Every structure is written in C-alpha cells, then in structure tokens.
Amino acid sequence: MDIAVIGSNMVDLITYTNRLPEAGETLEAPDFALGCGGKGANQAVAAAKLGASVMMVGKVGDDLFAPGTLANLQQQGVDTRYVTSAPGTSSGVAPIFVDDQSQNRILIIKGANQRLKPADIDAAADALRACQLIILQLEVPLETVYYAIDFAREAGIKVILNPAPAVNDLDMAYACKCDFFMPNETELAILTGMPVASDEQVRLAGQSLLQQGLKNLVITLGQRGALWLQGDESHHVPSLTVNAVDTSGAGDAFIGCFAQRLVATGDVAAAMQSAVTYAACSVTGRGTQSSYPDADTFQRFLNVH
C-alpha cells in the first residue's frame, strides 16, 4: 500500500437549506442527501480516486449504516480488511447543514469511531509497515492517535496529522513527531488561542506552533488557498475562483490529494498546488466523497483551469 488512513467513518446526513430554523421553529428545507463521510474515510477515498493504493484502519457500527459504509469504501478502491465492526454500537453520523451561500455547519456523533483502539493498530501492524505514509485525524480517541504516531515513527513511516476536530488538550509533543501538521484556520485559532482573521494573523499563529517544534505546518484557508510554513520559510498557494455549491469535505479533499501527490512525487510544493486545485474542484459538486473527482475528471478540470 502507498497510504494508510487510520481514522473515522461517518454517515453524512446533508440538509440543504436557505436558513437554519430559530429555536422552536419548524422549517421546510428544499433538499436532502445521504452520503458516506468521516474525515478519515473522506481522505482515504480522495487519495484512492486519484490512483493511490490506500488501506484504512477504522470502525463501523453494528447497525444498518455499516454494510453500506464498507461497500462504499471498497467501491472507491480502499482496502477495508482492517475496518471492523464494534458490536452494540451505532456507526458515526454527521448531520450537515448547507446554506444558500454554500457554507456548512456540521455536528458529529462519533459512535463506533470511539471504539478504535491501539489494539486495532497492532492487528494491522504488518500491513501498516508496508505503507509509505499514514494519515491521522482526531475523530478517534487521542490515545489511538498517539499510539499510531509512535508506531509510525518506530517503523520509519511518514505521518500527516490533521487536527480535526481541534481539541485544546492535543499534546503538541506528539504533533511535533509528525512530518506534516495540517489544520484549517478555525482549528489553528483553537489550538493557539490567537486571531486568524487576516493572512498576517494566520502567519503569526502558525509561527507560534512552529516554535513548538513542528516540522511542516500546512494551513488550509478555504477560498484563499493554503499556506505552508517550514522554519523561516513560507509558501502560499492561492485557490481558484469557482462556483462553489457545497464546501463540505473540501479540507479532506485537500489532504487526500496532497497525500497522493506527495507519495507519487515527493514534491511538497507541487503536492500543495494540486491539493488546492483538487479542493476547489470538489466544492463545485454536492456532498463530500461524491464531489471528489477521479484522476481523469480532475485532469479535465485542470485542462479548463
């Protein structure tokens, strides 16, 4: 395998609405979609759609959502040998509300994802050691994330840590063991307690994390692209102007594409450029994984833009 994703599976319950209801108000929404999501699964699917060989270590529930989640991953080309069921537990679900400005608000119920333990990494150890890169997020227990980071370091495997959803008690000593730390603006603000309203504020907040010993910090900035900070160097990649329909999962699209390109080429700057463009392409469609283009579709998008 090229890439292993150790992380979450969710079922996305997506409501498209002109506005959110007030307290006590019942409001009719114009549309609804049911999809497969979860930060881990999204990142795995994006990388696999672009041609990477991807395996996943994760959990599904003991419910009606589990078979569909596994079937979806397999159809997208993700190896699911180590995605196992947690008996007596619901699958993770994510109610998502998308407004008429294409902005999303998301709730997550972790469900079975909370049952992913260090023992699951041990069970997949031989397959993981054959991978070039491991991707992690924070929709599974922190003890499992920390265990995976130590496992990867001992095995000499590169690690991307996406601190999402951000938690105040994240141990930055573990983050500093990773090769790439990839928050978005909101997560950066939570982790640093600093404002991120302007590009300069983002840079200052990022520098405060770098001073703690991070190797590479990549901050995704939505429609403003992404910023890579390493030591005293910085590299900003602007995004494309597109007709955004749904921004759900754009950050995961970025990470999946970045990982695939990094493994394929080893070129961080080129991987960032591709990832920013891939994320821009993803927001032109509805949903999360359903909006991620495969390699051929992405190439056609590149030819136009």
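This is a predicted model: local features need pLDDT of at least 70, side-chain atom pairs count only at pLDDT 80 or more; totals for chains, interfaces and linings use all residues.
Trainee: How many disulfides does a search of the whole structure find?

Mentor: The search finds 0 disulfides. Cys36, for one, is in no disulfide, and the nearest cysteine sulfur, in Cys281, lies 20 Å away.

Trainee: Is Cys176 buried or exposed?

Mentor: Cys176 is buried, because its relative accessible area is 12% and the cut-off for buried is under 20%.

Trainee: What describes a pair of aromatic rings?

Mentor: Two values do: the distance of the centres and the angle of the planes. This structure holds 5 aromatic pairs. Take Tyr146 and Tyr174: their ring centres are 4.2 Å apart and their planes meet at 15°, so this pair is stacked.

Trainee: Where in the chain do Tyr146 and Tyr174 lie?

Mentor: Tyr146 belongs to helix H5 (residues 142-155) and Tyr174 to helix H6 (residues 172-175). The two are 28 residues apart, and the pair links distant parts of the chain. Both Tyr146 and Tyr174 are buried.

Trainee: Which charged end sits over the ring of Tyr174?

Mentor: That of Lys177, 4.3 Å from the ring centre. Likewise, the charged end of Arg286 sits over the ring of Tyr16, 3.9 Å from its centre.

Trainee: What shows where empty space is left?

Mentor: Rolling a probe the size of a water molecule over the atoms does. Here the largest pocket has a volume of about 1,400 Å³. It is lined by 50 residues, and the closest to its centre are Asn104, Asn184, Thr247, Ala250 and Gly251. Elements giving two or more residues to this lining include strand S2 (10-16), helix H1 (39-49) and helix H9 (250-265).

Trainee: Which element gives the largest share of the lining of the largest pocket?

Mentor: H9 does, with 5 residues. By class, the lining of the largest pocket has 22 nonpolar, 21 polar and 7 charged residues.

How values were computed:
Residues are numbered from 1 along each chain as its sequence is written. Side-chain values use heavy atoms; hydrogens and water are left out. A disulfide is a pair of cysteine sulfur atoms within 2.5 Å. Buried means under 20% relative accessible area, exposed over 50%, partly exposed in between (1.4 Å probe, protein chains only). Rings of Phe, Tyr and Trp (its six-membered ring) pair if their centres lie within 6.5 Å; planes under 30 degrees apart count as stacked, over 60 as edge-to-face and the rest as tilted. Helices (H or I, at least four residues) and strands (E, at least two) are DSSP runs, numbered from the N terminus. A charge sits over a ring if NZ of Lys or CZ of Arg is within 6 Å of the ring centre and within 35 degrees of the ring normal. On a 1 Å grid over the protein atoms alone, a cavity is a set of points where a 1.4 Å probe fits but cannot get out, and a pocket is an open set with protein on both sides within 12 Å along at least five of seven lines; lining residues have an atom within 4 Å of a point. Grid points are joined across faces, edges and corners, and a volume is the space filled by probe spheres set on the points. Ala, Val, Leu, Ile, Met, Phe, Trp, Tyr, Cys and Pro count as nonpolar, Asp, Glu, Lys and Arg as charged, and the others, Gly among them, as polar.
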